[in-house]
Amino acid sequence: MRPEALNPLFIEARDLDGVGPKMMKPLEKLGLTRVKDLAYHLPERFVTRRVIADLDEGGEGEQVVIALTPTEHRASRNPGRGPYRVLAQDDAGNICALTYFGRASYTAKKQLPVGEKRWVAGRLDRYGDMLQIVHPDHVEKDSAAHMGRLVEPVYALSEGLTQPRVASLTAQALERLPDLPEWIERGQFERESWPAWRDALKLAHKDMNEPARDRLAYDELLANSLALLMVKAEGRRRKGQALAGDGNLRAKLDLPFEMTGAQKRSIKEIEGDLQQESPMLRLLQGDVGAGKTVVALAAMLIAVEAGKQAAMLAPTEILARQHFETLRKMAAPTGAEVAILTGRAKGKEREGILMGLLDGSIDILVGTHSIFQDTVNYKDLGLVVIDEQHRFGVQQRLALAAKGKRAPHTLAMTATPIPRSLTLAQYGEMDVSRLDELPPGRQAIDTRVISQDRLEDMAAGVERHLASGQQAYWVCPMVRENETDDIAAAEARYSWLKERFGDDVVMVHGQLPPDIKDANMERFASGGAKLLVATTVIEVGVDVPSSTLMVIEQAERFGLAQLHQLRGRVGRGSEKSVCVLMRGNELSETGRKRLALMRETQDGFRIAEEDLELRGGGELLGTRQSGDAAFRVANLEQVQKLLPVAHADARLLIDRDGGLTSERGEAARILLYLFERDWGVQLLRGG
Ligand code: ADP
Ligand code: MG
């Protein structure tokens, strides 16, 4: 049960002032459904604005406050799609466009009547030969209202939210913070001169307060380490079973290729673990295409040789089917019985599978999460393989582990290359095998870096490419942190490309209705469209082998891990593939090195390690807003700096007070519930 002290933090956001039903959707999109989420929605940065007398005084890209008088409203010829522009004049007669996309145009109509002077705060940009401010942050009748905001927090937003809205909600959340006992070890707390928890949250919303942010990050890391250690301790208490395969099934495999050294090594490591009685907890890391499936098959055959069953869990129905087909074909000569169970299996079919699992006639089961429903029982489950580990929580892993009479061995697989120093944070104390060698014969992707100024040349290049009968991806520029702005930029690029390519081009982005998105994807995948324009996320699972060119605009704004994933969309067919990274002109030294690294290597591990060296890119730990990030508060630098200490401290606490019953132990329980790592606490109770 959640400690009562935390109740105020778990109050629903919809109970706050000014939150109507319409606002819940954008809040949910950001994961801000409770008071606690809002309190932890820390500003991404702070803007410092300067008041300028006329436009000439402001620099491009600068945050300014300026008096402007609207002279004309210009709706897009294509209502609802293109931008809505308000032309406005400064006191010296210079013209600037105030640009709005989507529904924001209603605001513009209300706030900016022609002929009336307004004080506008926002970022000055260039648009062609005109100055513009896209989605001004504030529009006021007089300058005084701006003065208190010359330093202002910038929060991550979603469509339908504004900065002032979010600021008012976080302020309400901060007022409701309870007083909680200190869970950080006293010595540590004093040495660092950190603020108390409640103060730390308040400070972190005011400015880039480093001690406050570190303290909050430390809390999260401590909670995570505690929970992982509790899981580990639980695993140690449960006995597993030693699985010694005699190799007879593996000898019957008839693979069309020779295993790579990395594959052989990983199988050896897994075999060694399986021979132990304590349950294996191993992570198999290998880039897309590294050949993880056959390693998993070898592991599962070891279990079958030892007279046990194995189950493989896939994140989606499609992947489960793919795995099933592959495994069944590969395993055919061994005689091992492979079956599939997903949510779709109904009636007789489902019953047959359940029977087969119970009587042991099914050796290997592939499926989605439905393979660990209560109604699914195995005769003797010896090994669980989890594909794409990051999509599953530890909780699900535990549910699966509880299936066997004795704890089964677990092999988790992931395609996300993570630097060695970070695996602890992400996966706790798992053992790691790495497939750091790709199977031979893969086509290298020719990666080039060109200036963003060469947009025209690039379009001409794409035209030649399409003329040769191949397809291409065009990934749009990232504007700012704001998704709406990114989509606006994508829409603009799409219109520009459409003038040239007409019906050959389609677009996908996160705000298109799913049926339209699917239809567009389908047209591209079937070859009906030749060029796919996309925002940052080209859906996982997009596999169009005849698409052999990828253009990525403003590549320096992407994380390297993300660039690596994006680039992985080409190079899937027999034709040579090219990836063009377009860079802006104000490239820092680090930025230059990062793009050079992309050009130089296709090795995901090397990219991950060197990116960490170069700038500690935060994207390695997953996308913060997408909910699959390991941490919501701690960034990468903080993980590196604070995790070793937090982990050691957690270990000490668990060693001394494994039941969390001391005064500090009680506080630590609160911490676990606060960060929703309470599955750790539940283990305690079960024990
Ligand atoms: P992933 O690591 O992304 O899961 P897969 O297991 O799907 O990769 O393997 C990708 C492709 O490479 C498959 O077609 C597989 O048959 C093939 N493959 C795997 N290992 C080798 C190897 N040692 N030599 C050649 N091809 C291989
Ligand atoms: Mg795979």
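The second largest pocket

Modeller: The lining of the second largest pocket has 18 charged, 17 nonpolar and 11 polar residues. Here Asp, Glu, Lys and Arg count as charged, Ala, Val, Leu, Ile, Met, Phe, Trp, Tyr, Cys and Pro as nonpolar, and the others, Gly among them, as polar. The model is predicted: local features need pLDDT of at least 70, side-chain atom pairs count only at pLDDT 80 or more, and totals for chains, interfaces and linings use all residues. Residues are numbered from 1 along each chain as written, chains are lettered from A and ligands numbered from 1 in written order, and side-chain values use heavy atoms, without hydrogens or water.

The pocket's volume is about 2,100 Å³. A pocket is an open set of points on a 1 Å grid over the protein atoms alone where a 1.4 Å probe fits, with protein on both sides within 12 Å along at least five of seven lines; lining residues have an atom within 4 Å of a point. Points are joined across faces, edges and corners, and the volume is the space filled by probe spheres set on them.

In total, 46 residues line this pocket, and R126, Y127, Q132, A492 and R493 lie nearest its centre. Two or more lining residues come from each of β4, β6, β7 (130-134) and α17 (483-501). The largest share, 11 residues, is from α17. Helices (H or I, at least four residues) and strands (E, at least two) are DSSP runs numbered from the N terminus.

Now the charged pairs. The whole structure has 39 salt bridges, each a side-chain nitrogen of Lys or Arg within 4 Å of a carboxyl oxygen of Asp or Glu. One joins K117 and D91, at 3.7 Å from N to O. K117 sits in the loop between α3 (104-111) and β6 (118-127), and D91 in the loop between β4 (84-89) and β5 (95-100), so the pair ties together parts 26 residues apart in sequence. K117 is partly exposed at 40% relative accessible area; D91 is exposed at 55%. Buried means under 20%, exposed over 50%, partly exposed in between (1.4 Å probe, protein chains only).

R123 and D125 form another salt bridge, with closest N and O atoms 3.1 Å apart. D125 is buried, at 15%.

R265 pairs with D436 at 3.2 Å, N to O. This bridge links distant parts of the chain: R265 is in helix α10 and D436 in the loop between β16 and β17 (445-451), 171 residues apart. R265 is partly exposed at 35%, and D436 is partly exposed at 40%. Elsewhere, R34, K36, D37 and E676 are joined into one network by salt bridges that share partners.
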